[in-house]
Amino acid sequence: MSSSIFNKLGKAIAAVSAAVMMMTAVAACGPSASTPSEAGSSDTSNTSTAKARTLDEIKKSGELRVAVFSDKAPFGYVDQDGKYAGYDIEFAEALAKGLGVKPVYTSVDPAARVDVLASNKVDVTLANFTETPERAEKVDFSKPYMKVSLGIVSPENHEITDVSQLKGKTLIVAKGTTAETYFEKNHPEIKLLKYDQYADAYNALLDGRGDAMSTDNTEVLAWAKANKGFKVGVTDLGDVDVIAAAVQKGNTQLLDYINDEIVKLGKENFFHKDFEKTLKPVYGDEVNPDDIVVESGELDK
């Protein structure tokens, strides 16, 4: 994904204040799963693996248990009516419908996305989960349904336009994210201030506890539009990665179902429709959804 595309994204973003303000809300529609306690850990699992449920068990229970974000608009958040909403939520609804069950959501911190699968607290994680080799050792990823890279947001009066400007400064990240991994590996000279939840990380930026924050470019662009005085000076950092559903390692039955559904939904142009409903209000008419959306798990479509 070229930087020009995301520069274009930045100019095209429409207002999403109401949605993003809900990032500070406490999820009221389901249980929550806390992050593992080790500071600096990335998607670590402190719980021994409990056997995942079979498709028959899921169907019999009438519920598909899904880990989602409650504070990451417009992908997974709790709206003003106390209901889960966003790009990932639409996908979760479709997966549950295909099984003839209802989705039951568990609000999850970034670093707990692996743990909730290993402990069988949920059947699937749909929390804007970027696939990485390290994570793929712990969970099984489905075909992708989105693509993304990193961005950096900072106060516009002290805008960060290049990573080199962060030397000697403090960068805010959420634990267990690709931003944390990227900067620890590639820029150890940059001090990282880490938070369990995205809402806390953004509040730290608003309060001036750090000089900038990094997470997915698709999100920081939306957040900057909804928060006057901030700007995304770096829009295309690191590699272009894919976002996918995740299941417990070895749970091939559920994984096969999800992959089949992704292909099926792709034939219906589902993820483009999802984009129109949940992301277009953020990115506007000038953005080509093909730069973000992946249909049928095929990156070249």
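In this predicted model, the axes of helix 4 and helix 10, the latter spanning residues 252-267, come within 11 Å and cross at roughly 110°. Since angles of 65 to 115 degrees count as roughly perpendicular, helix 4 and helix 10 are therefore roughly perpendicular to each other. On the side of helix 4 the contact is made by Phe91, Ala94, Leu95, Gly98 and Leu99, and on the side of helix 10 by Tyr257, Ile258, Glu261, Ile262 and Leu265. Sorted by class, the residues of this contact comprise eight nonpolar, one polar and one charged.

Helix 4 itself covers residues 87-99, and its buried residues are Tyr87, Asp88, Ile89, Phe91, Ala92, Ala94, Leu95, Ala96 and Leu99. In general, an α-helix has 3.6 residues a turn, so residues three or four places apart point the same way. After helix 4 comes Gly100, which has a positive phi, near 75°.

A second pair of helices is formed by helix 8, residues 198-206, and helix 9, residues 217-226, which pack at an angle of about 50° with their axes 13 Å apart. Helix 8 and helix 9 are therefore oblique to each other, and the crossing in which helix 8 passes helix 9 is right-handed. Here Tyr198, Tyr202, Leu205 and Leu206 of helix 8 meet Glu219, Val220 and Trp223 of helix 9, a contact with six nonpolar residues, no polar residues and one charged residue.

| Helix pair | Angle | Axis separation |
|---|---|---|
| Helix 4 and helix 10 | roughly 110° | within 11 Å |
| Helix 8 and helix 9 | about 50° | 13 Å |

Gln248 has its place in strand 12, which runs over residues 230-248, and because its relative accessibility is 9%, Gln248 counts as buried. The side chain of Gln248 reaches the backbone oxygen of Leu117 at 2.8 Å. When neighbours within four places in sequence are left aside, the residues in contact with Gln248 are Thr49, Ala50, Lys51, Ala52, Leu117, Ala118, Asn120 and Asp140.

Val114, for its part, is found in the loop between strand 6, residues 102-108, and helix 5, residues 115-118. With a relative accessibility of 2%, Val114 therefore counts as buried. Although Val114 and Gln248 are 134 residues apart along the chain, their C-alpha atoms are separated by 8.0 Å.

Conventions. Residues numbered from 1 in each chain as written. Predicted model: local features only at pLDDT ≥ 70, side-chain atom pairs only at ≥ 80, totals over all residues. Heavy atoms only, no water. Buried < 20%, exposed > 50% of the residue type's maximum accessible area, 1.4 Å probe, protein only. Helix = DSSP H or I, 4+ residues; strand = E, 2+ residues; numbered from the N terminus. Axes fitted to C-alpha atoms, helices over the stretch in contact; angles between N-to-C directions. Parallel < 35°, antiparallel > 145°, perpendicular 65-115°, else oblique. Left-handed = near helix turned anticlockwise from the far one by under 90°. Contact = heavy atoms within 4.5 Å. Nonpolar A, V, L, I, M, F, W, Y, C, P; charged D, E, K, R; others polar. Polar contact = N/O pair within 3.5 Å; in protein donor to acceptor, adjacent residues only side chain to side chain.
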